[in-house]
Number of protein chains: 2
Amino acid sequence: MNKPKKSIRRKSSGVTIDEVAALAGVSPMTVSRVINNQGKVRDATRERVMHAVRELDYTPNLAASSLAAAQHTRIALIYTNPSGAYLRELLLGVLRAASRTAVQLVVDYWDELDAEAERKAARGLCKRVDGVILPPPLCESRAAVAEFVKGGVPVVAIASGRLSDEISCVRIDDFRAGKELAEHLIQRGHARIGFIRGRTDLNASARRYDGFLAALHEAGLEVADELVQDGDYTYRAGLAAAEKLLEHGDPPTAIIASNDDMAAAAISVAHRRGLDVPRDLSVVGFDDTSAATTVWPELTTIHQPIASMADTAIDILLRSIKRRSDSARVLMDHVVPHGLVTRDSVAAPLKRK
Amino acid sequence: MNKPKKSIRRKSSGVTIDEVAALAGVSPMTVSRVINNQGKVRDATRERVMHAVRELDYTPNLAASSLAAAQHTRIALIYTNPSGAYLRELLLGVLRAASRTAVQLVVDYWDELDAEAERKAARGLCKRVDGVILPPPLCESRAAVAEFVKGGVPVVAIASGRLSDEISCVRIDDFRAGKELAEHLIQRGHARIGFIRGRTDLNASARRYDGFLAALHEAGLEVADELVQDGDYTYRAGLAAAEKLLEHGDPPTAIIASNDDMAAAAISVAHRRGLDVPRDLSVVGFDDTSAATTVWPELTTIHQPIASMADTAIDILLRSIKRRSDSARVLMDHVVPHGLVTRDSVAAPLKRK
DNA sequence: CTGAAAGCGCTAACAG
DNA sequence: CTGTTAGCGCTTTCAG
């Protein structure tokens, strides 16, 4: 039994660093060093500490470490409705990171603000947070980004093309992804491929399209103007775009949509026109959101590891914040691997009669 | 200028409670009381403190308060794939609560575990968290619940029927919601209404169905057996159920699905059969998830305030945890108001020829 | 490479 | 109703 500490306050249940230290026969400080693995600790010591940690099933109290390290870092995650599709994964990612690093998360919702309102909101945030995560489409807002940069608050953009060299970025290679999607279709024999573009003001959209173009080009295929439509990433826009694509006299045998929502819309349009997917029309999406699996057939699409991208974003922010005092601004452009998820919405084209 | 405190450590930038206290001319303790508005504080004093807070734009350091209050509470949010639809809102809610109360969130993912695996996972969690939030369908898992109760860890179930009187619950009134949905249809003249049930092992599903039944009964309508189908909340199941409903010789003029995914599936089936929604068939969903707006027409559905339910859940947990030492277990059954969201998927039925 | 002391910002407990 | 005191669990600083 441990001798009752002279504690006046109630002692909470959890096991503390002191108990670990006691069991390992070292000072709490050494335990701390082992846990954060920083500083030099002899291997043997480290081993003993680790053992004690496991023995006691010790979990550090993040509140305490955060307080002691004066790392009481507040990070804002700003979202808007349009980015809703990512939101769930994004939140999972930041939560994971938060419970690992004890940053304080501030989740803010900007509802379709104009540039002036964004500037104002950004200015307000600058005062209460130490870093900002900007998912699309906000990461492309010059107004917001400029304001944060001016306020000296590090920003990490997620899943976007690199907008400016003043902020960091975690993203996939949209160009390659778009290209792979097209190649996937071309390999299966498609030669007339329709493309529904995303919001033209977003960098990532352009890159996806460029990738598509590159694939066609490499395969020696023509890019027919009438096979490219614009959409703004909404289901409704996908409906209209698909309608235009399919009412053409010589319709495409496959459609690439710049996100899953628009791809789902394309399937819906195809069905209403009596087309079978994928027999009469192949459709692929982008993002692998829940929309990809709440249609029939389920969508072949590009998967982005959003959760771990969010996680990475927080890491980058933390580093930037720490270094901020050291004058040098830390900027990173972090590209993570994406994946092609094949489901049931692609088949070889029917032989043309 | 303030006399340089004897601080050895670097002082972080943020404004602290002491500065507020100084400016307001009171002790930090009083500021603390005002902020958490607990304890009696004279109105004049409170006013002065509030003023100072605003003046300095003070934001409490949650890490510190959490540490001091020994509220270093870890709360687990466990989710499974099927509950994915809620997840986004759920996460927003818990994040909001977390940044308000500085609880440490532990997000855990249980992938289709069997009873034994659930028991084991629960046992493990008991040791590292002080409370658990259980969204559907996990909240109906007797195995998991029993294990947490045994471990003395308070549990709050979200959005489910009350399973046991050993755990707390935050939910909407599923019975009334189901009834309102049916009444909405009946008022518009529908007399043959199909119903796609949810997972029969979930309490909430049964209540929604009972509400439907009650509405029909009150309106003096028959419940035709062939107009009730089972589904498991997936899009695929909705497809099959709607197919059965519509292939009947005397098909319904409206379909109530127990969630949005299945309602979206019903629309898809209707379209493929050449039916116009809502002219030939009205369809309503349940939950107001993103699926409700990524179909055309957009779904009339029941909205649950998931985010604030999650928020409430954390409050309840916090109270339970605090009182836990006081022997008496705190149990609540908290019912929050839902709403009927009318969109474009409902119309009056066509006159029968 | 390791330890001792001091204190991060806040609040529980107990006086006034 | 308000202030004083001590200490939450961890880490920084500085000295072995």
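**Exercise 1.** In which sense do strand 1 and strand 2 of chain A pair, and over how many bridges?

*Solution.* This is a predicted model, where local features need pLDDT of at least 70, side-chain atom pairs count only at pLDDT 80 or more, and totals for chains, interfaces and linings use all residues. Residues are numbered from 1 along each chain as its sequence is written, chains are lettered from A and ligands numbered from 1 in the order in which they are written, and side-chain values use heavy atoms, leaving out hydrogens and water.

Step 1: find the strands, which are DSSP runs of E with at least two residues, numbered from the N terminus (helices are runs of H or I with at least four). Step 2: strands pair if DSSP finds at least two bridges between them. Strand 1 pairs with strand 2 (residues 104–109) of chain A in the parallel sense, over 6 bridges. Ile78(A), for instance, stands opposite Asp108(A).

**Exercise 2.** Why is strand 1 of chain A largely enclosed by the rest of the structure?

*Solution.* Buried means under 20% relative accessible area, exposed over 50%, and partly exposed in between (1.4 Å probe, protein chains only). Strand 1 (residues 74–79) of chain A is largely enclosed because 6 of its 6 residues are buried.

**Exercise 3.** How many residues of chain A are in contact with chain B?

*Solution.* Count contacts as heavy atoms within 4.5 Å: 45 residues of chain A touch 45 of chain B.
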